[in-house]
Amino acid sequence: MSVRTIRLELARNPDFPEGSSNHGYEFRAPLTEDGSLDLDTWQKVKADCSVHRFWKGEPDEEGHLIHTRGRRWLFSYADGEEDDEPIFKFDRHHFVEGEYVSITEHDGVQRTFQVVAVK
């Protein structure tokens, strides 16, 4: 099982009716053959499971994919929980092109992103 790079881009919403390739995330995570997150492998390679947040007009952010004891997945950029971004039902998603994922960002707003690439 290898660590894959997944690119998420902002899906259509009222502010971006066509979505936006300038707003999103690239993260690295181990996936099963069907595209689900592989928790057992993540525990072995979690140091390699990084996230890069890109948002036009804001500085890029670098962090890690984290799994909590409460069985939640999130992106974290610094120590503490203030900057953590919980990911809605991340453990139930299949990371294949065309699928959608919801992330609650720093500002507390949940936004939908589309999987545009899995490498």
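Hi everyone, let's look at aromatic rings today: a search of the whole structure finds six aromatic pairs. By a pair I mean two rings of Phe, Tyr or Trp (its six-membered ring) with centres within 6.5 Å; planes under 30 degrees apart are stacked, over 60 edge-to-face, and the rest tilted.

Before we go on, this is a predicted model, where local features need pLDDT of at least 70 and side-chain atom pairs count only at pLDDT 80 or more, while totals for chains, interfaces and linings use all residues. Residues are numbered from 1 along each chain as its sequence is written, and side-chain values use heavy atoms, leaving out hydrogens and water.

So, which rings are linked by ring pairs into a cluster? They are Y25, F27, W55, F75, F95 and F113.

Take Y25 and F113, an edge-to-face pair with 5.2 Å centre to centre and 80 degrees between the planes. Y25 sits in strand β2 (residues 20-30) and F113 in strand β8 (residues 110-118), 88 residues apart. Strands here are DSSP runs (E, at least two residues), numbered from the N terminus.

Are these two buried or exposed? Y25 is buried at 0% relative accessibility, and F113 is buried at 0% as well. Buried means under 20% relative accessible area, exposed over 50%, and partly exposed in between (1.4 Å probe, protein chains only).

F113 also pairs with W55: the ring centres are 6.4 Å apart and the planes at 65 degrees, so this pair is edge-to-face. W55 lies in strand β3 (residues 50-55), so its pair with F113 in strand β8 ties together parts 58 residues apart in sequence.

Methods. Helices (H or I, at least four residues) and strands (E, at least two) are DSSP runs, numbered from the N terminus.
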